[in-house]
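Hi there,

Here is the structure I promised to pass on to you. Have a look at it first, and then read on for what turned up.

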Amino acid sequence: MANQRHYNEIDNPFELFLVNEAEGEKKITEKPFAGTSSTSDFILLKEDHTIGNLLSEHLKQAPHVIMAGYKVAHPNVPEVMIRVRTDGTVTPREVFIDVCKQLIAAYAQLGREFTREYELRRMVGAGDQENGTKH
């Protein structure tokens with residue numbers, strides 16, 4: 001019942017996943033790894049394994065990345081830490097931003113293709129109804 005009480009105490013349920021910039025929260029914070037400029041930790045607030053796994057797997061495929069991984073410290077703490085190590089020719093921040101841009105473009109394309117296919121199927125369905133045919 002502790003979870004039930006917790007959710008009842010929350011005035012705005014969106015605060016579980018929306019960052020409150022008015023209170024100084026930042027969605028992503030970079031913490032350079034001590035002793036090396038080619039390794040950084042990126043802390044993503046109010047995120048979980050979904051984005052951590054997605055980003056780390058795509059970071060591993062990026063050129064100049066030697067290592068990428070993520071961890072969630074505790075299931076009740078909505079925070080993901082992603083560590084990126086590069087070969088030094090580019091900074092971890094540059095690689096992180098580039099991968100994020102690539103993912104945004106890929107999912108935007110997926111959204112366009114899905115919408116197009118949905119609309120085409122809807123038009124075919126409307127035409128079938130007018131003709132009295134079924135598939």
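Helices here are DSSP runs of H or I with at least four residues, and strands are runs of E with at least two, each numbered from the N terminus. In that numbering, L55 belongs to helix α2. Please keep in mind that this is a predicted model.

First, the overall layout. The protein contains three helices and four strands, and going along the sequence they come in the pattern α-β-β-α-β-β-α. Of the 135 residues in the protein, 21% are buried. Among contacts with a separation of 6 or more, 48% are between residues 24 or more positions apart.

Now the sheet. The four strands make an open sheet, ordered β1-β2-β4-β3, with antiparallel pairing. Its edges are β1 (28-32) and β3 (65-72), each of which pairs on one side only. From one strand to the next, the twist averages 20 degrees.

Strand β2 (residues 39-45) is joined to β1 by five bridges, and the two run antiparallel. Within that pairing, I28 has L44 of β2 as its bridge partner, and K31 has D41 of β2. The hairpin of β1 and β2 has six residues between the strands, and there G35 takes a positive phi near 95 degrees. The pairing of β2 with β4 is also antiparallel and has seven bridges. D41 turns up again here, with R83 as its bridge partner in β4. How much of β2 is covered? Six of its seven residues are buried, so the strand is mostly covered.

Helix α3 (residues 92-131) lies across β1, β2, β3 and β4, and runs at about 45 degrees to β2.

Two packed helices are described by the angle between their axes and the distance between the axes. For α2 and α3, the packing angle is about 110 degrees and the axes are 10 Å apart. Angles of 65 to 115 degrees count as roughly perpendicular, and α2 and α3 are therefore roughly perpendicular to each other. The crossing of α2 past α3 is right-handed.

Which residues of α2 and α3 meet? On the α2 side they are L54, L55, H58 and L59, and on the α3 side V95, F96, V99, C100, L103 and Y107. Sorted by class, this contact has nine nonpolar residues, one polar and no charged.

Is L55 buried or exposed? Its relative accessibility is 4%, and buried means under 20%, so L55 counts as buried. Apart from neighbours within four places in sequence, L55 is in contact with L44, I82, F96, V99, C100 and L103. F96, V99, C100 and L103 are also among the α3 residues in the contact with α2. L44 is the residue mentioned above as the bridge partner of I28. One more distance for L55: from its C-alpha to that of G69 is 8.7 Å, with the two residues 14 apart in sequence.

Finally, two backbone points to check when you look at torsions. Most residues other than glycine have a negative phi, and most peptide bonds are trans. K46 has a positive phi, near 60 degrees, and is not a glycine. K46 sits in the loop between β2 and α2. With a relative accessible area of 16%, under the 20% cut-off, K46 is buried. H64 is not a glycine either, and its phi is positive at about 75 degrees. H64 is found in the loop between α2 and β3.

Best wishes

Methods:
Residues are numbered from 1 along each chain as its sequence is written. This is a predicted model: local features need pLDDT of at least 70, side-chain atom pairs count only at pLDDT 80 or more; totals for chains, interfaces and linings use all residues. Side-chain values use heavy atoms; hydrogens and water are left out. Two strands pair if DSSP finds at least two bridges between them. Axes are lines fitted to C-alpha atoms, for helices over the stretch in contact, and angles run from 0 to 180 degrees between N-to-C directions. Contact means heavy atoms within 4.5 Å. Angles under 35 degrees count as roughly parallel, over 145 as roughly antiparallel, 65 to 115 as roughly perpendicular and the rest as oblique. A crossing is left-handed if the near helix is turned anticlockwise from the far one by less than a right angle, and right-handed if clockwise. Ala, Val, Leu, Ile, Met, Phe, Trp, Tyr, Cys and Pro count as nonpolar, Asp, Glu, Lys and Arg as charged, and the others, Gly among them, as polar. Buried means under 20% relative accessible area, exposed over 50%, partly exposed in between (1.4 Å probe, protein chains only).
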